[in-house]
Amino acid sequence: MQHKSICFIGGGNMTQAIVFGLLKQGYPAAHITVCDHNETKLALFAERGVQISTNNEQSVKQAEVVVLAVKPQAAEAACAALSAVDFSDKLLISIMAAISSQRLTALLPSAHNIVRVMPNTPALVSEGMAGLFAPTNVVAEFKQFAQELLSAVGKTCWVEQESDMHVVTAASGSSPAYFFLFMEAMQQALSNMGLTEQQAREFIQQSALGAAKMVVEKPQFSFTTLRENVTSKGGTTAAALAIFEQHQLASTVEQAMQACVARSQEMEKLF
Ligand SMILES: NC(=O)C1=CN([C@@H]2O[C@H](COP(=O)(O)OP(=O)(O)OC[C@H]3O[C@@H](n4cnc5c(N)ncnc54)[C@H](OP(=O)(O)O)[C@@H]3O)[C@@H](O)[C@H]2O)C=CC1
Ligand SMILES: O=C(O)[C@@H]1CCC=N1
């Protein structure tokens with residue numbers, strides 16, 4: 001991939017995951033700048049050779065690609081501070097949940113090439129999953145760069161309709177947290193039944209990794225088949241799954257993901 005100069009606005013959790021993932025894949029640190037007002041966060045990047053700055057405007061002016069990575073609540077202020085920058089030759093990538101391309105255009109009128117990306121933190125270990133959307137006017141070269149950038153730290157999937165980015169947020173951005181919550185609950189339960197936290201973690205992480213690898217490496221098997229292959233009639237797994245069913249796990253998961261989408265839709269109107 002081309003090594004364009006990239007400036008990240010916001011050096012928080014998601015920027016750390018993407019930038020450290022990119023460095024792991026050999027993206028030159030000298031081509032990356034991270035802007036934040038938090039010196040402690042900036043130090044994490046500086047110690048890996050990434051350029052750091054508290055002067056957003058100056059850094060953005062020098063970059064070919066700008067990644068907006070502040071919280072949606074902070075989008076307006078962050079963009080207002082960039083109003084003097086001419087974005088017409090730059091690619092603007094927004095990883096912010098819920099902020100539409102129309103809103104971004106209103107905030108930064110000179111930005112004609114906007115790609116929305118909904119990544120997730122497994123980018124840190126090169127196993128990210130990112131949904132992408134670009135309005136029809138975005139030039140192909142910039143779309144390709146955005147895809148290559150995210151492909152360097154995981155898998156990508158374009159959506160045609162911007163409204164689908166709400167659902168994508170439930171599917172990529174937020175979804176690692178569902179699995180982490182499940183693992184937290186498993187660890188608590190195993191600890192309560194006598195394993196140490198560390199033992200519990202080892203059983204859970206390897207089982208999760210093994211299950212995920214089976215899903216990836218055995219695409220001929222549906223999730224249902226993989227589950228059924230573990231579940232002996234009248235056995236231990238069936239006893240566990242019966243409790244999940246009794247407590248309507250599928251319905252709970254659906255409600256949780258609907259809440260994620262609804263919050264994204266609400267945030268789109270708020271910020
Ligand atoms: N975390 C995740 O898993 C994912 C997050 N996202 C999206 O990524 C974005 C960032 O999320 P996340 O990394 O978790 O958030 P964080 O709060 O961890 O990081 C945002 C950082 O930006 C800083 N910041 C705020 N305003 C400015 C500014 N004007 N200039 C420079 N830095 C600024 C914040 O500082 P301070 O805290 O001091 O204000 C903070 O350090 C969000 O919009 C979120 O929707 C998307 C997918 C997944
Ligand atoms: O929770 C959030 O709002 C952000 C967006 C997706 C993941 N984290």
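Biologist: What should I know about the numbering and the pLDDT limits before we start?
Modeller: Residues are numbered from 1 along each chain as its sequence is written, while chains are lettered from A and ligands numbered from 1 in the order in which they are written. Because this is a predicted model, totals for chains, interfaces and linings use all residues, side-chain atom pairs count only at pLDDT 80 or more, and local features need pLDDT of at least 70.

Biologist: In what order do the eight strands of the open sheet lie?
Modeller: Strands are DSSP runs of E with at least two residues, and helices are runs of H or I with at least four, numbered from the N terminus. Two strands pair if DSSP finds at least two bridges between them. The pairing here is mixed, and the order is 3-2-1-4-5-6-7-8.

Biologist: Which residue of strand 4 is the bridge partner of I9?
Modeller: Strand 1 and strand 4 (residues 65-68) pair in the parallel sense over four bridges. Along this pairing, C7 stands opposite V66. For I9, the partner is L68.

Biologist: Are the residues on the two faces of strand 1 buried or exposed?
Modeller: In a regular strand the side chains alternate between the two faces of the sheet. A residue is buried if 20 or more other C-beta atoms, placed from the backbone, lie within 10 Å of its own, exposed if 12 or fewer, and partly exposed in between. I6 and F8 lie on one side of strand 1 (residues 6-9), with C7 and I9 on the other, and all of them are buried.

Biologist: Which helix gives the most to the shell around ligand 1?
Modeller: Two helices, helix 1 (13-24) and helix 4 (75-80), each supply at least two residues of this shell. The one that gives the most, with three residues, is helix 1.

Biologist: How many residues of the shell around ligand 1 are charged?
Modeller: Asp, Glu, Lys and Arg count as charged, Ala, Val, Leu, Ile, Met, Phe, Trp, Tyr, Cys and Pro as nonpolar, and the others, Gly among them, as polar. With 15 nonpolar and 11 polar residues in the shell, the charged ones number three.
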